[in-house]
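This report is written for a reader who meets the structure for the first time. It turns from the chain as a whole to one strand and its partners, and then to a group of charged side chains.

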Amino acid sequence: MTTAPPTTSGLRIDQLDFRHVMSHLPTGVVAVTGVEPASAQPVGLIVGTFASLSLEPPLVAFSIARTSGSWPKVRLGGRFSASVLAEGQDAVCRSLSRKSGDKFADVPWHPSPDGAPRVNGAVAWIDCEPEQELDGGDHLIVIARVLRMSTGPGEPLVFHKGRLGSYRDTVAA
């Protein structure tokens, strides 16, 4: 097991334990996609940390592993689309999570007004442009301005305890 360096309190947090505990928090599954300017090809990745950040101005935030080969290509394109995947879009998630090959070979999509791929059948689309990147340890925290958005029918795909599944509304909040 790998252990993180001591914190200011002197405690060490085991990385596998940390991952296990955090897996108990269900997250949505969001495809962040754009067009690489050099090749004009679609590029993308999956994030599970997508969240609203501010209403005024409208901002969202998500984190990306510093080792991501896809995010720098999406960032270079300027504007991107975030598609909130729907239950049953497990195959789309797996395709866009691949490290190599044509990630979009099996992903049905249509272009946003800016040309970024929007995943067909997603429950929501949020078109953005990056504003800031902040240090987040072994991740980058991306803050992006919302340019336009829309919703579709269905329920979101959920990631929980290392598995993809669906969300079922049991009690209104």
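Two residues are in contact when heavy atoms of theirs lie within 4.5 Å. With contact understood in this way, 60% of the contacts in the protein chain between residues at least 6 apart in sequence join residues at least 24 apart. The model described here is a predicted one, and its protein chain has three helices and twelve strands.

**Strand β2 and its partners**

Strand β2, which covers residues 30–36, is mostly covered, with six of its seven residues buried. This strand pairs with β3 (residues 41–47) in the antiparallel sense over seven bridges, and it also pairs with β6 (residues 80–84), again in the antiparallel sense, over four bridges. Val30 can be followed into both partners, for its bridge partner in β3 is Val47, and in β6 it stands opposite Val84. Between β2 and β3 there are four residues, and the two strands form a hairpin; in the turn, Ala40 has a positive phi of about 60°.

**Salt bridges**

The structure holds eight salt bridges, and the table lists three of them with the computed distance between nitrogen and oxygen.

| Pair | N to O distance |
|---|---|
| Glu129 and Arg79 | 3.2 Å |
| Arg148 and Asp114 | 2.8 Å |
| Arg118 and Asp127 | 2.4 Å |

Glu129 forms its salt bridge with Arg79, and this pair links distant parts of the chain, since Glu129 belongs to strand β9 (residues 124–136) whereas Arg79 lies in the loop between α2 (71–76) and β6, 50 residues apart. Glu129, at 26% relative accessibility, counts as partly exposed, and Arg79 is likewise placed in that class at 35%.

The side chains of Arg148 and Asp114 also meet in a salt bridge. Because Arg148 lies in strand β10 (residues 139–151) and Asp114 in the loop between β7 (109–111) and β8 (117–119), the pair ties together parts of the chain that are 34 residues apart in sequence. Arg148 has a relative accessible area of 27% and is partly exposed, and Asp114, at 35% relative accessibility, counts as partly exposed too.

Ser112 counts as buried because its relative accessible area is 6%, where the class of buried residues takes in values under 20%.

Key. Residues numbered from 1 in each chain as written. Predicted model: local features only at pLDDT ≥ 70, side-chain atom pairs only at ≥ 80, totals over all residues. Heavy atoms only, no water. Buried < 20%, exposed > 50% of the residue type's maximum accessible area, 1.4 Å probe, protein only. Pairing = 2+ DSSP bridges. Salt bridge = Lys/Arg side-chain N within 4 Å of Asp/Glu carboxyl O.
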